[in-house]
Amino acid sequence: MATQYRYTGSLDMQHRTRKERRFDETEQDLASFSPFTPALSSTDKAFHLLSYLGNKNPFPRSITDEDTVWLLDNTAYRNEKTGKWEAEFVSAAFSQRSSCAVIDAVGAVAEKIDLDEKDPNYPTIEGRIRPFLQDIKPGAQVKARQGGSTPLKLGPGGRNGISSDTKGLPDSDGGTLLVPTFAEVPKGADGLLEMKTFYAEPEGWGVISDIDDTIKITQTSDPIGILRTTFLDEPEPCPGMPELYRFIQSLIQETSPWFYLSASPYNLYPFLRDFRQQHYPHGTIILRDASWMSLSGLLTTLTLGTEDYKVERMNKIHSWLPKRKMICIGDSTQSDPEAYGEIYRAYPGWVKAILIRKVEDIAAIGIEAKNEPERFEKAFQGVPREVWHVFSDTAECKKFTEDYKPTMSAPKRQKSSKDVPYELIYWPGIPGRGEHVRLALEEAGAMYTDTAQIENGIGQVTAEIDENNVGDDLNPPPFAPPILRHGDLLISQTPNILLYLGPRLGLVPSEDDEEHPDALYKVNELALTALDGLSNEVHDCHHPIASGLYYEDQKEEAKRKSKDFVQNRLPKFLGYFERVLQGKASGEGPWLYGGQLTYADLVLFQCLDGTKFAFRKAVTAAEKSGRYAHVFRLYSAVKERPKIKEYLASKRRQDYSMGIYRYYEELDFGPEGRD
C-alpha cells in the first residue's frame, strides 16, 4: 500500500455540523428507547457469554419460529491464490419480540418530526422503527442453501446478532451473474429469507457509491431531517441520479459489480434494499454495525467517523477485486471526498474516476464550508484533476464519464458460451404466454430484451414465424411465440423455455440437491398443470369452437363453456393446487415444491391473475370461501416479491386485452350463475 496523505478537515466539519444543527439534544431525547436485556435464564446467559466468541462459538443457537432472519445480498470474487469463487456472507438474527415499549419510541420520533398521532402516516413510523427495537439474538447460526444445492452455515453471530463468514462457492450455473441463497428456517420465522450473490470476475469495471444524499435524499446534516426521511417519508432518489446510474451501467456493462456504502446501521438494510431495487442497479449494500439496535446511534453513525468506516470498507472491496477499475460516486454532505481521496492514494491506478455531487440544500449540507473549493482541493491532494469532478447537474457527469467510454469495453471473462442477454420474442400489446417467461426473467434479475418493448418489435416476431423461414444450421423454425434466443440457441413453447431457464435462473432446486431429486421434472409437471387448466382452458372459454372465428360467432357456445369451467373445472384445478401446497413435498413456506420459489409458482401466479381478470366473480368467491387459502397465499407471496412487485407496477407489465385472458360481462359467471 502506498504512503497515505490524510486530510483531517472532514472531522472538524462533522463536529461543527453537529454543534450548529444541535444533534446532541435530539440524541438525548432518543437515548432511552434502545432495547434493554430482559431477565435471562441460565441457558440464555450461557448463550450470551458464548456469543463473545463470534463464529468460533462451539455451541450456536438455532433459529426458531419466533425469530427474524436477514440475509444480505453479496458479491462473489475469485480468490487470488486458488482462483476459486468465494464471498462474504452477512446475516442477522433477532427475535420478533421487543423488550422496550414500541409505542413510546414511536411517540418520541413523532414528537421530534412534529407528527400528530391522528395523522394517517403515523403507522409508517411504527413499521420503520421496529427493526431498531426487536431483541437481538446473539450466538445464532443460520442454515441456508446457495443456488439450491450448496448448504451453508452462517455464523454463529456475535453480540450484535450479526455474523460475517467468508465461504467458498461453486461456479455459477451456466455463467449466471446472480445466484440466489435461501434461508432454511422453521415455519413462522420471518425476515429477508432470500439473498442474491453477484459473481464478479477479477477484471473490468466496478462502481462504489455512497447512499445518503448521493442517491437517496436523507438530509444527513439535520437531525430532524434524518428522522423524517428515515421513519416517515417515502424514500426519494436524488434528482437525476437513477438516470445517471443507468447511463453508467450502459457504459460499463451488466457484468460490472456495484457496491453501495452507507453510514447507516444494519437496521435499515431492508428499507435501503427495497429503495435500491426500485431505482438503481443491483449491488451489494455495505452498512455499519456499530450502532445496532440504537435509535440515537442512527444520528451518530451518519455524522461521525464516516471517513474511517468508508475507507475500511473500500479496503475490503479492493482485497476482493484489486484488478478492477473503480468509479467512486459520493456527495459533499459527509466525508466522501476525503475517503475517496485517501483510497485513490492508497491504491494507485485502482480508482479511475471520482464524482462528487455538490449538495446545496442547507438541511442536507449543514454548513456551507463543505462546498468550498478549498475543501475539495485538500481532499483530493495528489489526485490528478482529470480524475475527480464536483457536479451540481448530473448532465455534467454524463459528459465526464463519456470520456472513459473507449476504455469501458466488456471485460475478459471466464464464461459460458451462453453468457449473453436473453432475447424474448413475443407479440406487443398483450401479456399472453410470453408473460410466464417475463416473470421468470424479472424475478431472477436477468438481462433480457423484449420485442414487446422495442420499436417495430412485431417485425421480429413475424419474421421468425414466416412461412418461408426454414430455420438455421442448429435450430428448426419456431411455430409460434413466445420464442427465446440465447446465444446460438433458439427455442419456443412456454413450458420448454421455462424448462431451459429454470436451472439457469435458480428457479428450481439444483440437480445436486439430494433432498429434492429430479426436482426439475416435478416443477415442470406443476407448471404444465397450471398452464393446462388455468391458461389453455380459460382461452377456450371465449373461443370454444375455433380460434379462427370471431368471439361473436361463437358467443352462445362460449357461455356454455364458461359456465362449465366456473362450476367444474376451476374448482378442480384450484383444489388440486391446494392439495399440492398442503403436501410434504411442498416444504416450508408458501411455495409449491421444495420450500423455495420455483418457476411453477410464477406460472400459477400468472394463470390465477389472468383467470381473476376473466372470471372476476368466480375467483373472488373462491378466495372468500377459504377452501383454497394456500393457493391465494402463494398468489399474494409472489405478488409481494420485490422484483415482481416493481415489475407489476412498471410500464413493462402490459394490460390484459385481447389475448388469452379477456373479460366479457356475459361470461363472468359466479359459482351459482352470473348473479
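**View 1. Helix H15 (residues 434-444) packs with helix H17 (residues 494-504) at an angle of about 15°, their axes 9 Å apart.** This is a predicted model: local features need pLDDT of at least 70, side-chain atom pairs count only at pLDDT 80 or more, and totals for chains, interfaces and linings use all residues. Residues are numbered from 1 along each chain as its sequence is written, and side-chain values use heavy atoms, without hydrogens and water. Helices (H or I, at least four residues) and strands (E, at least two) are DSSP runs, numbered from the N terminus. Axes are lines fitted to C-alpha atoms, for helices over the stretch in contact, with angles from 0 to 180 degrees between N-to-C directions. H15 and H17 are therefore roughly parallel (angles under 35 degrees). His-436, Val-437, Ala-440 and Leu-441 of H15 meet Thr-494, Ile-497, Leu-498 and Leu-501 of H17 (contact: heavy atoms within 4.5 Å).

**View 2. The peptide bond from Gly-155 to Pro-156 is cis, with omega near 10°.** Pro-156 sits in the loop between strand E6 (150-154) and strand E7 (162-169).

**View 3. A cis peptide bond joins Pro-481 to Pro-482, with omega near 10°.** Pro-482 lies in the loop between helix H16 (457-464) and strand E19 (483-486).

**View 4. Asp-213 has a positive phi, near 65°, and is not a glycine.** Its loop runs between strand E11 (204-210) and helix H6 (223-231). Asp-213 is buried, at 2% relative accessible area (buried: under 20%, with a 1.4 Å probe and protein chains only).

Note on methods:
Parallel < 35°, antiparallel > 145°, perpendicular 65-115°, else oblique. Buried < 20%, exposed > 50% of the residue type's maximum accessible area, 1.4 Å probe, protein only.
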